Amino acid sequence: QVQLVESGGGLVQAGGSLKLSCAASASIFGIAAMGWYRQAPGKQRELVASITSGGSTQYADSVKGRATVSRDNAKNTIYLQMNSLKPEDTAVYYCNFRRSWVAGLQDYWGQGTQVTVSS
C-alpha cells in the first residue's frame, strides 16, 4: 500500500523559512496533480499550493510570492518552500497526491506535519 511520508515541519519565528517534503513509498500510476493543504484549529482544510503532472502551479492568495511547490519525479517526492512566514501560516500541513483515471479519482494523503510560526 502506498503511503505518503511528510517531514520538515517545526517551530519558526515570523519572517523565517522552512521546506516541507512529502515522499511516496512507491510510484503511483496516473497522478494528475500533487499539492499541499493546511488546516488551522477551527478552520477548514484549504489548498496552499498544487502542481499538475504537466508542471503547472497554483497558489492560495495568502501565500503567493512566499511559497514555491516543486517535485522530484525520480524520488516520488514533492516539496513546499515557504519564506517570510507569518503567524497566520500556523497549521497542520498535509500533502496530497491525486490519481485520475477513467474510472474516477483517488486521493492519497500524508498524515500531516505541524508548522508553528511565532510572533
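**Figure 1. Asn 76 in the loop between two strands.** Asn 76 is placed in the loop between strand 7 and strand 8 (77-82). In this predicted model, the phi angle of Asn 76 is near 50°, a positive value in a residue other than glycine. Most residues other than glycine have a negative phi. The relative accessible area of Asn 76 is 21%, so the residue counts as partly exposed. Asn 76 also belongs to the lining of the largest pocket, and Ala 26 touches it.

Figure 2. The loop between strand 8 and strand 9 holds Ser 84. Although Ser 84 is not a glycine, its phi is positive, at about 50°. With a relative accessible area of 41%, Ser 84 is classed as partly exposed.

**Figure 3. The largest pocket and its lining.** The volume of the largest pocket is about 190 Å³. Its lining is formed by Ser 27, Ile 28, Ile 31, Met 34, Ser 53, Arg 71, Asp 72, Asn 73, Asn 76, Thr 77 and Phe 97. By residue class, the lining comprises four nonpolar, five polar and two charged residues. At least two lining residues come from strand 4 (31-39), and at least two from strand 7 (67-72). Two of the lining residues, Ile 28 and Phe 97, are also among the residues that Tyr 108 touches.

**Figure 4. The disulfide between Cys 22 and Cys 95.** One disulfide is counted in the model. Cys 22 and Cys 95 are the residues joined, with an S to S distance of 1.9 Å. The link between Cys 22 and Cys 95 is right-handed, with 50° about the S-S bond. The pair connects distant parts of the chain: Cys 22 belongs to strand 3 (residues 18-24) and Cys 95 to strand 9 (residues 91-101), 73 residues apart. Both Cys 22 and Cys 95 are buried.

Figure 5. Tyr 108 is part of strand 10 (residues 104-109). Its relative accessible area is 17%; because buried means under 20%, Tyr 108 is counted as buried. For Tyr 108 and Leu 4, 104 residues apart in sequence, the distance in space is 7.2 Å, C-alpha to C-alpha.

**Figure 6. Surroundings of Val 63.** Val 63 is located in the loop between strand 6 (57-59) and strand 7. Val 63 has a relative accessible area of 0% and is therefore buried. Its contacts, not counting residues up to four places away in sequence, are with Arg 38, Val 48, Met 82 and Asp 89. Asp 89 is 26 residues from Val 63 in sequence, and the two are 8.6 Å apart in space, C-alpha to C-alpha.

**Figure 7. Surroundings of Ala 26.** With a relative accessibility of 32%, Ala 26 counts as partly exposed. When residues up to four places away in sequence are not counted, Ala 26 touches Val 2 and Asn 76. Between Ala 26 and Ser 7, 19 residues apart along the chain, the C-alpha atoms are separated by 17 Å.

**Figure 8. The whole chain as context for the close-up views.** The chain contains zero helices and 11 strands, giving the pattern β-β-β-β-β-β-β-β-β-β-β along the sequence. Taken along the principal axes, the box filled by the C-alpha atoms is roughly 45 × 30 × 25 Å. A compact globule of 119 residues would have a radius of gyration near 14 Å, and the value for the chain, 14 Å, agrees with this. Of the 119 residues in the chain, 34% are buried. Among the contacts in the chain with a separation of 6 or more, 53% are between residues 24 or more positions apart.

Technical notes: Residues numbered from 1 in each chain as written. Predicted model: local features only at pLDDT ≥ 70, side-chain atom pairs only at ≥ 80, totals over all residues. Heavy atoms only, no water. 1 Å grid on protein atoms, 1.4 Å probe; cavity = no way out; pocket = protein on both sides within 12 Å on 5 of 7 lines; lining within 4 Å. Points joined across faces, edges and corners; volume = space filled by probe spheres on them. Helix = DSSP H or I, 4+ residues; strand = E, 2+ residues; numbered from the N terminus. Nonpolar A, V, L, I, M, F, W, Y, C, P; charged D, E, K, R; others polar. Disulfide = S-S within 2.5 Å. Buried < 20%, exposed > 50% of the residue type's maximum accessible area, 1.4 Å probe, protein only. Rg over C-alpha atoms; globule rule 2.2 N^0.38 Å. Contact = heavy atoms within 4.5 Å.
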